[in-house]
Amino acid sequence: MVNSTTRLDAVFSALSDPTRRRIVERLARGPLTVGEIASGFAVSQPAISKHVRVLEDSGLLKRRVDGRVHHCTLDPSAMSPAAAWIDKQSRFWNGVLDRLGDVLTDSPERKKKR
């Protein structure tokens, strides 16, 4: 359980940064080298490399090194636990709000007005 919680935390942490989210969005369209990723941002190559490392450590990104060129691909399976967690929370809160709506609809004040 700790391992899955740690992985989930890493994914949410990685996605908390707007630059990393943009990298994920770009990789969703296809593989890129680190240089190609960097060309889309107004930040230094070392800064992009750090972002790539965070994404790689979270499991969202896979890297293949070919000489000096680092090829990056998105691993969408790493998002499955995060998507499942969000879905579970959404179902819970939608249920709570639906029950609250039922309670408010059947409130004594509303019944008196009928």
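Helix H4 (residues 45–58) lies across strands E2 and E3, running at about 120° to E2. This is a predicted model, where local features need pLDDT of at least 70, side-chain atom pairs count only at pLDDT 80 or more, and totals for chains, interfaces and linings use all residues. Residues are numbered from 1 along each chain as its sequence is written, and side-chain values use heavy atoms, with hydrogens and water left out. Helices (H or I, at least four residues) and strands (E, at least two) are DSSP runs, numbered from the N terminus.

**The sheet**
- An open sheet of 3 strands runs in the order E1-E3-E2, with antiparallel pairing; two strands pair if DSSP finds at least two bridges between them.
- Strands E1 (32–33) and E2 (61–66) are the edges, each pairing on one side only.
- E2 pairs with E3 (residues 69–74) in the antiparallel sense, over 6 bridges.
- Asp66 has Val69 in E3 as its bridge partner.

**Helices on the sheet**
- Helix H2 (residues 18–27) lies across E1, E2 and E3, at about 85° to E3.
- Axes are lines fitted to C-alpha atoms, for helices over the stretch in contact, and angles run from 0 to 180 degrees between N-to-C directions.

**Helix against helix**
- H2 and H4 pack at about 75°, with axes 10 Å apart.
- H2 and H4 are therefore roughly perpendicular to each other (65 to 115 degrees).
- Thr19, Arg20, Ile23 and Val24 of H2 make the contact with Ile48, His51, Val54 and Leu55 of H4; contact means heavy atoms within 4.5 Å.

Conventions:
Parallel < 35°, antiparallel > 145°, perpendicular 65-115°, else oblique.
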